[in-house]
Structures are given as structure tokens and as C-alpha cells.
Amino acid sequence: MDTIKEAPCWLTFLPGELPQTSAPEETARWELAHAGARCPLRVDEAMGDAFEIGEDGAITGGRTGVLYGAYRLLMARAAKEPLPRGVQRPRYALRMLNCWDNAEGDIERGYSGRSLFFEGGRFAYDPARMRTLGRMLASVGVNVLCVNNVNVLGPAWRLIEDGLPELARLADIFRAFGVRLMVSIDFAQPLRHGIPTADPLDERVQRWWAEQTDKVYAAIPDLAGYLVKADSEHRPGPFAYGRDHADGANMLARALAPHGGALVWRCFVYNCQQDWRDRKTDRPMAAYTHYAPLDGRFDENVILQVKHGPFDFQVREPVSPLLLAMKQTRMAVEFQLAQEYTGHQIDLYAMPPMWREVFDDMGAERVQAIAAVGNLGRDENYTGHPFAAANLFSYGLFAWDPDAEPRALLSLWGRLTYPNFSEREQRSLCDMLMESRAIYEQYTAPLGLCWMVCRDGHYGPGPDDYEYAAWGTYHRADRDGVGIDRTASGTGYLMQYPDWLRERYEDAARCPDALKLFFHRMRYDDVLSDGRTLIQRIYDDHFEGVERAEAMAKTLRALPLPSPDREVALERMERQLANAREWRDQVNAFFHRYSGAPDAHGRPLY
Ligand code: GCV
């Protein structure tokens with residue numbers, strides 16, 4: 001019998017012993033019985049993921065629905081929250097977690113240790129940790145787990161070939177938690193089999209994918225599908241054969257269709273070999289330019305997965321215009337729980353307030369699925385910083401119900417994770433998380449400017465690190481001003497938006513301050529809505545961001561966090577403070593040297 005030493009993260013409401021079940025409804029029964037809850041279960045297969053908790057505590061639902069119902073009931077009891085009433089149905093059928101784990105055991109943009117799944121080119125996992133992960137995911141409703149990196153590197157291509165028996169064993173473990181596996185595949189995989197091309201319109205290629213996919217489904221009949229990164233950052237794709245992405249995606253989708261699998265095709269496609277001297281190519285325009293004209297050409301089982309902003313998970317971006325453009329295509333929005341540009345799970349950055357903004361602008365009905373890059377790893381607490389688990393927890397519940405309020409999600413996480421806290425302590429933890437993103441934003445790149453991060457690893461400041469590089473990520477700061485005009489008179493990016501968003505951003509004076517430098521080029525002495533000049537606002541934000549981080553550190557020290565969370569969180573907070581000060585001083589010095597403007601309050605500029 002597998003047991004875990006201590007209930008990790010928010011799973012404090014479950015016993016340490018782990019279920020050894022093989023189907024979700026059995027897991028539901030096991031969890032309820034072991035938690036001492038006498039709740040009858042009624043399985044109504046037609047309900048799928050949905051469930052209803054009756055007045056008498058009976059749970060009715062599909063095979064996965066009863067499992068979600070069981071977890072919600074136990075969570076609500078532990079957090080002393082009212083039980084959800086009426087039928088609870090997830091907004092999206094696919095609530096996906098994309099892990100960027102490499103077969104060699106490292107994780108691309110991973111900040112919680114090595115891979116939970118792989119080591120040395122093969123599967124190497126602790127079955128108890130897999131079951132714990134299954135529990136974590138199912139408890140918040142995540143139902144698809146893509147185990148390997150979208151950059152299919154090293155031996156990862158073998159996963160759907162001789163790696164199938166092992167993949168099938170892993171799928172068995174997760175099946176008990178209603179979690180279906182997905183795999184990232186290499187578009188050029190047929191080239192490994194003596195086929196001289198990966199052209200999606202070539203019959204030999206189509207046949208190879210159809211036959212290989214039959215073998216995959218013979219091993220794992222409920223695989224959720226394939227995830228593909230093509231023609232992006234040097235990955236192979238249909239462009240090499242003069243084909244477009246509808247040709248590429250549909251070819252794979254047709255191999256999956258007989259098995260009910262989804263083909264999830266990422267839209268992170270842009271020119272990563274740009275000349276910084278070129279002022280006409282504007283990277284945020286790329287995804288819309290490639291995909292919007294293809295609307296209506298994708299097969300039913302294709303889902304286009306689009307990053308929430310037009311760049312790449314920056315601290316603040318507007319919603320991607322592509323998400324608003326394709327009305328005849330199934331779409332998924334992609335978030336990144338791994339804090340690549342948002343503090344590496346060292347600095348605090350709770351994401352729900354950002355998701356709320358994206359959904360408020362996009363509208364939940366614009367997408368048919370949701371995905372997030374995972375923040376998991378082999379660290380004892382799974383997410384590096386114990387508070388980074390709040391992002392995984394909240395993501396699952398948000399994917400289930402995108403109308404959820406950020407504060408409610410974070411507060412539920414806090415109450416489940418630290419049941420020893422008083423009401424006051426719960427409130428200060430929640431306040432801290434709720435303002436963590438705003439604080440991080442204040443001490444990093446100003447007002448939606450993006451890309452002032454250190455190029456080597458993406459942690460810490462590097463104001464000019466991306467300025468003369470090939471990635472299409474420029475701020476164009478000089479002695480007069482900073483930013484790129486993305487309106488009709490500039491690059492024209494703004495024209496990719498529907499009218500109501502265009503109107504929000506197009507006038508520099510009325511554009512919200514938070515995105516001012518995303519959309520406009522401004523002079524340092526331009527005056528913002530609050531009467532401050534741009535340069536003074538940059539200085540003020542950076543000083544204030546550090547002061548607020550210091551206040552957060554004080555709050556953290558006063559919380560009765562249990563060990564080892566306390567030691568880990570305090571040590572990371574010291575690193576966050578050092579990082580915040582470095583950002584403040586480098587960004588302020590950078591703009592001071594260009595503008596020559598003193599700080600109105602005489603604070604040190606270097
Ligand atoms: C998986 C960014 C990251 C890459 C990542 C890529 C993507 O560019 O830095 O590590 O690659 O996004 O989302 O495909």
C-alpha cells in the first residue's frame with residue numbers, strides 16, 4: 001500500500017494513504033470511505049464530468065463526475081464552505097496541463113527540480129507520486145496531462161513508438177483519477193522511418209501517421225490526443241513543404257479522428273530570426289497573420305492553442321487578437337503556470353487576477369478548451385515554492401468555471417493548505433497573493449513594455465538584453481522616449497482587434513497606463529492620467545514595487561507556516577527581495593541614463 005509521508009499542498013483534506021483503484025468511480029468511493037464520509041454514489045454515465053450533490057449528501061454524476069463531486073464535497077467540508085448546489089458542469093471538456101518535461105529528465109522552463117516522469121531518456125517515476133499527482137489534478141478537475149515537452153527533443157519521439165508499453169502503464173495510473181494522457185509529437189517523425197518527406201499532403205506520410213496512431217490507440221484507447229508545436233523556434237512543420245498549418249493539422253487530425261482523439265496545434269508561430277534593424281516586422285502580429293486567414297479550414301477535432309497574449313507569457317500583455325478572430329475554429333487559450341517570465345517560482349506571482357482580466361476581455365465562449373504549461377517537478381512540494389501550488393490549484397478550478405473570482409480561488413487554496421491559520425492569517429496570506437502580481441509588475445519592465453528580462457534564463461533584469469537580438473522583442477528606448485507605436489500609424493498591430501478593444505487602446509492619452517508602453521511610443525516628459533510624467537512614473541513604480549515586496553516579506557515572516565514550507569518560503573523571499581532591488585536599480589539607471597531626468601524625490605539613481 002503506497003502512502004505519502006505528509007499530505008502535500010492542498011491535499012490536507014485527504015488521508016495519507018493513497019487509493020489503489022483503477023477507475024474514477026472506484027477512486028471516488030475509496031476517497032469518501034477513507035475520509036469517513038458516508039455519501040452514497042450514483043453513477044449516471046450520461047452525466048460525464050458533471051455531478052450533483054443532493055441534500056442528503058448523495059453524489060450523482062458520470063464516472064468522472066462522481067469523483068469530482070467527491071473531492072468538492074470533501075474540500076468544502078474541510079474549508080467550511082457551503083456545498084455547491086445544483087448540477088455542476090465544467091465549462092470546457094478539455095482542461096489540460098502541458099508539461100515541458102524532456103525525456104532526459106530536465107524540464108524546459110522548469111523551476112521545481114527535475115522531471116517527475118522521466119530520467120536518462122526513459123520513464124522513471126515514483127508510482128506513489130504519480131497517484132498523488134493524479135489526486136491533485138482530479139481534485140481541481142484537470143483531466144488531460146501532456147507529459148512531454150512541446151519541443152520534442154532527444155529520445156522523446158520514441159514515446160509513441162517503442163515507448164508505448166510504458167506510456168500505457170502511466171495512463172493506467174492516471175485513469176483512476178479521470179486524467180487522460182496526451183503526448184507532444186514531432187511533426188517530422190516519418191523521416192525517421194525511411195520516408196523521404198514529412199509533407200502532410202504526401203500519401204506515405206498520411207499512411208504512416210494513420211498506422212502509427214492505430215498502434216498508439218491499441219495501447220492507450222483513451223489517449224486524449226497529440227499536441228504539436230510546428231514551424232516555431234526551429235521545430236519542423238508544414239512550411240518546409242510549401243503547405244499551410246491547416247494542411248498540417250488536418251493530416252494529423254485525420255489519423256486521430258477514428259479514435260476520438262484531439263489534435264491540439266499551437267499557434268506560437270513567429271519569425272525568431274528577425275533583424276533588429278527591421279522596424280516593419282512586429283512580432284505580436286505574427287499569430288493572427290498566420291492563422292486568421294485559415295479560419296474555417298480546420299477539421300472538427302483540431303483545437304488551435306493560443307497563448308493568452310500576443311508575445312510570450314510576459315508580465316502584462318493585452319489579450320491575443322487571434323483569440324477574438326477565429327469564429328469557425330475550435331480554440332484553446334494557453335497560460336503558463338511555470339513562472340518563466342514571472343519570477344521562476346522564487347518571486348510570488350499569483351496568476352488568477354491575470355486570468356480574470358484575460359477572460360473578461362476575451363469572453364469564455366471564445367474558446368472551447370483551456371491549457372496551461374505546468375509548474376511541477378521532483379521537488380518535495382511539487383512546485384518549488386509552496387505558494388506556487390496556488391496557481392496549479394486555482395488553474396484547475398478556473399478551467400472548470402472561468403467565472404470564478406480570483407480571491408475565492410486563492411482563499412480556498414489557503415484554507416485547505418494551511419488549516420492551522422486563523423481567519424486573520426488566512427486573510428493576510430490571501431491579500432499577499434492577490435497583490436503579488438501587481439508588485440512584480442511594478443519592479444520589472446514598466447507599463448506593459450515587456451522584454452527587459454535577462455536573456456540568459458529569464459530571471460532578473462537585462463534592460464537591453466533583447467534589444468539587438470533576433471527574437472523580435474524590442475523596446476526601442478533612446479534619449480527621447482521608449483516603446484513602439486502599434487496603432488494604425490505605427491505597425492498596425494492594433495488593427496487586428498475588434499473595434500471595442502481598438503478604441504480602448506488607440507488614443508495614447510486614454511490607453512490604460514498598465515499597457516501604455518505596449519501600444520504607444522512615449523516621450524519621457526509625456527504626462528500620464530495621474531499627472532505624473534512617464535519617467536517619474538517609472539521611477540516611482542520601481543521604488544514602490546520594492547517597498548511593497550519588503551512589506552510582503554514582513555507579512556510572510558509573521559505567518560505561522562509549518563516546516564518545511566516556512567524555511568522554503570522565507571529563503572525564496574530573500575531572493576525575491578534581492579531580485580526586486582536589482583530590477584529597480586537597473587531599470588531606473590537605464591532610463592535615467594537615457595533621459596537625464598532626475599527623480600523628483602531625490603532617491604538614488606545609479
Ligand atoms: C517550449 C518560449 C520559451 C520556450 C518555449 C516556447 C514555447 O519561447 O522560452 O522555452 O518552448 O516559449 O512556448 O513553445
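How do the residues of the shell around the ligand divide into nonpolar, polar and charged? Select that shell and you will find four nonpolar, two polar and eight charged residues, where Ala, Val, Leu, Ile, Met, Phe, Trp, Tyr, Cys and Pro count as nonpolar, Asp, Glu, Lys and Arg as charged, and the others, Gly among them, as polar.

The model is predicted, so that local features need pLDDT of at least 70 and side-chain atom pairs count only at pLDDT 80 or more, while totals for chains, interfaces and linings use all residues. Residues are numbered from 1 along each chain as its sequence is written, and side-chain values use heavy atoms, with hydrogens and water left out.

Stay at the ligand and select R266, whose side chain has an N or O atom 2.7 Å from an oxygen atom of the ligand.

Next, select R548 and E435, whose side chains meet in a salt bridge at 3.1 Å, N to O (a side-chain nitrogen of Lys or Arg within 4 Å of a carboxyl oxygen of Asp or Glu). This pair links helix α14 (residues 534–558), which holds R548, to helix α11 (residues 423–443), which holds E435, across 113 residues.

Finally, move to D530 and R532, which form a salt bridge of 2.7 Å, N to O.

Conventions. A polar contact is a pair of N or O atoms within 3.5 Å; within protein, one must be able to donate a hydrogen and the other to accept it, and residues adjacent in sequence count only if both atoms are side-chain atoms. Helices (H or I, at least four residues) and strands (E, at least two) are DSSP runs, numbered from the N terminus.
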